[in-house]
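Here's a quick briefing on a pocket, a residue in its lining and the strands around them. Have a look at the model first.

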Amino acid sequence: MTIEQSTIALVITTFDDPRSADAFSARLLDDGLVACVNRVGPVTSSYHWQGEVCRDEEYQLHMKTSLERVDDLKAAIERLHPYDCPEVLILQAGSSQSYSQWVQQCVRTTP
């Protein structure tokens, strides 16, 4: 596996309801920022927020994009997400060469 040619970014965030998660996914796809979004959930999230421990049901979005567009995707999440402090986890992921090429073809290289 050639790492440089077979590396994509996996970006994860969460939403409190499936309709918002789906609408957000559709916008990212329409804007050419992602090749694929998987909605996972519901999941139970336990976390600290404003001095309290909270526990809520959420839906994770696993978004696949190119390394070249990861900063644009991060900025879009921070700008458009309804949470005050949205989760934005960015991971470099090795993939098969064919999957990586597919992601590259799907994601627009310019904003």
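The largest pocket comes in at a volume of about 250 Å³. Of the 13 residues lining that pocket, Tyr 47, Trp 49, Glu 58, Tyr 83 and Cys 85 sit closest to its centre. Keep in mind that this is a predicted model, where local features need pLDDT of at least 70, side-chain atom pairs count only at pLDDT 80 or more, and totals for chains, interfaces and linings use all residues. Residues are numbered from 1 along each chain as its sequence is written, and side-chain values use heavy atoms, with hydrogens and water left out.

**The pocket**

- A pocket here is an open set of points on a 1 Å grid over the protein atoms alone, where a 1.4 Å probe fits, with protein on both sides within 12 Å along at least five of seven lines; lining residues have an atom within 4 Å of a point.
- Its volume is the space filled by probe spheres set on the points, which are joined across faces, edges and corners.
- Strand 2 (36-49) and strand 3 (52-65) each supply at least two lining residues; strands are DSSP runs (E, at least two residues), numbered from the N terminus.
- Strand 2 gives the most to the lining, with four residues.
- By type, the lining splits into five nonpolar, three polar and five charged residues, with Ala, Val, Leu, Ile, Met, Phe, Trp, Tyr, Cys and Pro taken as nonpolar, Asp, Glu, Lys and Arg as charged, and the others, Gly among them, as polar.

**Glu 58**

- Glu 58 lies in strand 3 and counts as buried because its relative accessibility is 8% (buried means under 20% relative accessible area, with a 1.4 Å probe and protein chains only).
- Leaving out residues up to four places away in sequence, Glu 58 touches several others, including Thr 14, Phe 15, Val 40 and Pro 42 (contact means heavy atoms within 4.5 Å).
- Its side chain makes polar contacts with the side chains of Ser 45, at 2.5 Å, and Tyr 83, at 2.8 Å (a pair of N or O atoms within 3.5 Å, one able to donate a hydrogen and the other to accept it).

**Strand pairing**

- Strand 3 runs antiparallel to strand 1 (residues 7-15), joined by seven bridges, and antiparallel to strand 2, joined by 12 bridges; strands pair if DSSP finds at least two bridges between them.
- His 62 in strand 3 is the bridge partner of Ile 12, and Asn 38 also stands opposite His 62.
- The hairpin of strand 2 and strand 3 has two residues between the strands, and Gln 50 there takes a positive phi near 50°.

Key
Buried means under 20% relative accessible area, exposed over 50%, partly exposed in between (1.4 Å probe, protein chains only).
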